[in-house]
Amino acid sequence: MSNVTTFNHLPNELIICIFSYLDATETFQAFFDCNHRCRKLVKHYVNYDRHALDKDIERFSTLHSWYKHLGFVDSGTIFYMAPLKGEQERYNFSPCVSDRHGIHWHFWREKTMPLVDKRIEQISQKYPIKLNPFFHPNGGGWNQLYSSQGRDFLRQHYPSQFEVLATTIFQESYSHFYEALEFYTDDVARQMKAISESERKRLRKTIHGAAQRIWKEIQALDDSKSTWRKDESSYEQKFIALLSFTKYVWDCEITFFFFMTH
């Protein structure tokens with residue numbers, strides 16, 4: 001009788017190698033609830049997809065009209081984020097969700113989030129992010145920069161550009177961008193473009209940093225019994241959060257046959 005090696009007999013190195021052929025969502029679905037050993041390997045070796053996070057940032061930046069109401073007071077409006085299963089809904093009556101199974105980052109303005117596992121909420125609250133009108137892909141918010149808070153924001157984050165703009169479109173006598181169109185030169189346009197592009201990069205970097213810290217703390221949780229879900233009393237759809245994929249997807253006794261090489 002030939003020897004048969006089952007999945008549980010595989011060394012850690014080979015299981016980790018299998019992980020490399022799967023994306024994060026597939027790895028969690030296939031291995032996280034398999035057994036305690038696989039759970040530890042998944043938690044230690046699987047990271048979220050940074051490119052997927054960039055897509056979530058892009059999606060969130062255009063989800064609602066809330067971005068029109070962001071300002072520069074205290075450098076921006078506070079948001080909180082956490083990884084869940086499925087894309088963030090656009091509206092309750094029109095979700096516009098194309099992926100309900102992948103791991104995606106969700107954003108909230110409220111400090112209290114619709115998560116059953118309050119430990120995840122507490123982790124998220126430790127790493128708030130501040131967003132301002134430049135977060136929108138179209139780089140809006142220039143009129144809001146004419147407020148005292150907007151000028152302070154530019155002076156703090158972009159002092160060299162502010163020196164140029166303060167003598168042109170941001171003279172004290174102007175309260176609106178369109179009042180200063182006569183000073184809109186090529187040099188002013190370059191300064192404005194540099195600010196818009198740099199600010200969007202800065203905001204994305206801030207989000208990526210918060211995501212990394214949140215993910216690391218989530219990995220450290222003892223979640224053998226956790227149910228990372230959105231609060232179903234508030235949401236009709238059952239979006240299962242990151243590490244609570246229910247039931248076994250793979251039978252732990254699936255047999256792996258190895259081809260012997262000489």
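Mentor: Two strands count as paired if DSSP finds at least two bridges between them. Keep that in mind as we look at this predicted model.

Trainee: Happy to! What makes E2 and E3 a pair?

Mentor: Strand E2, residues 77-85, is joined to E3 by 6 bridges, and the rule asks for at least two, so the two strands pair. They run antiparallel. Within this part of the model, Pro-83 stands opposite Trp-105 in E3.

Trainee: And what is the strand order in the open sheet?

Mentor: The order is E3-E2-E4, 3 strands with antiparallel pairing.

Trainee: Why are E3 and E4 said to stand at the edges?

Mentor: Strand E3 (103-108) and strand E4 (129-131) each have a single partner strand, so one side of each lacks a neighbour in the sheet. Ignoring direction, neighbouring strands are turned by 45° against each other on average.

Trainee: Which helix lies across E2, E3 and E4?

Mentor: That is H4, residues 50-61, which runs at about 40° to E3.

Trainee: Why is Cys-34 called buried?

Mentor: Buried means under 20% relative accessible area. Cys-34 has 5%, so it is buried. Cys-38, at 1% relative accessibility, therefore counts as buried by that cut-off.

Technical notes. Residues numbered from 1 in each chain as written. Predicted model: local features only at pLDDT ≥ 70, side-chain atom pairs only at ≥ 80, totals over all residues. Heavy atoms only, no water. Helix = DSSP H or I, 4+ residues; strand = E, 2+ residues; numbered from the N terminus. Axes fitted to C-alpha atoms, helices over the stretch in contact; angles between N-to-C directions. Contact = heavy atoms within 4.5 Å. Buried < 20%, exposed > 50% of the residue type's maximum accessible area, 1.4 Å probe, protein only.
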